[in-house]
Each structure stands twice: as C-alpha cells, then as structure tokens.
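Please keep the sequence and the coordinates at hand while reading.

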Amino acid sequence: MNEILYSCRKAAELITRSQDERLGLLDRVRLKVHLSMCGNCANVDRQISQMSKMMREPEPAEAPTD
Ligand SMILES: [Zn+2]
C-alpha cells in the first residue's frame, strides 16, 4: 500500500508536469500503468485534462453540455 501511496504522489506530479511539458517515455509509461490501476489518479488525470482543455478554449462556453 505504501508503494501505491508514493506512486500517487508521483503520479500527481507527472500529471501536472505533463500539462506543460512532454514527459519522457519512462514517465509516460509509469503514469499510464498507475492510472490503469488507480481510480483516484485516473479521476485527477481526467479532471486536469478537462480543465486544461477548457482553459485552452479561446471562448469558453457558459454552460458545458457534457
Ligand atoms: Zn494513484
């Protein structure tokens, strides 16, 4: 369990970093493996990707439909 907790911290760090830089192959694989095993981090990844996607929109819609 401790390893998983440590990985969650690492995963969160990688998720954040992946938003502004391209991760190395090893980091991407690690993150992918972790996300496939960890629902929590998969959620975080989804939320952050969604958020950064919204922030990249030039004119964000007032009411997101999905
Ligand atoms: Zn995790």
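Which pattern does the protein chain follow when read along the sequence? The pattern is α-α-α, in keeping with a count of three helices and zero strands. The model is a predicted one, and the mean pLDDT of the protein chain is 84, with 82% of its residues reaching 70 or more. Among the helices, confidence is lowest in helix 1, at a mean of 81, and highest in helix 2, which spans residues 25-37, at 91.

Of the 66 residues in the protein chain, 11% count as buried. The largest nonpolar core consists of five residues, namely Ala11, Leu14, Ile15, Leu31 and Cys41, and helix 1, covering residues 2-20, supplies the largest share of this core with three residues. In soluble globular proteins, nonpolar side chains tend to be buried together. Cys41, a member of this core, touches Cys8, Ala11, Ala12, His34 and Leu35 when residues up to four places away in sequence are not counted.

Ser7 is found in helix 1, and it counts as partly exposed because it has 18 C-beta neighbours inside 10 Å. Thr16 also has its place in helix 1, but Thr16 counts as exposed because 12 C-beta neighbours lie inside 10 Å, and the limit for that class is 12 or fewer. The table lists the C-alpha separation for each of the two pairs.

| Pair | Separation along the chain | C-alpha separation |
|---|---|---|
| Ser7 and Cys41 | 34 residues | 9.7 Å |
| Thr16 and Val44 | 28 residues | 9.7 Å |

Notes: Residues are numbered from 1 along each chain as its sequence is written. This is a predicted model: local features need pLDDT of at least 70, side-chain atom pairs count only at pLDDT 80 or more; totals for chains, interfaces and linings use all residues. A nonpolar core is a set of buried Ala, Val, Leu, Ile, Met, Phe, Trp, Tyr and Cys residues joined through C-beta atoms within 7 Å. A residue is buried if 20 or more other C-beta atoms lie within 10 Å of its own, exposed if 12 or fewer, and partly exposed in between; C-beta atoms are placed from the backbone. Helices (H or I, at least four residues) and strands (E, at least two) are DSSP runs, numbered from the N terminus. Two residues are in contact if their C-beta atoms, placed from the backbone, lie within 7 Å. pLDDT is the predictor's confidence in each residue, from 0 to 100.
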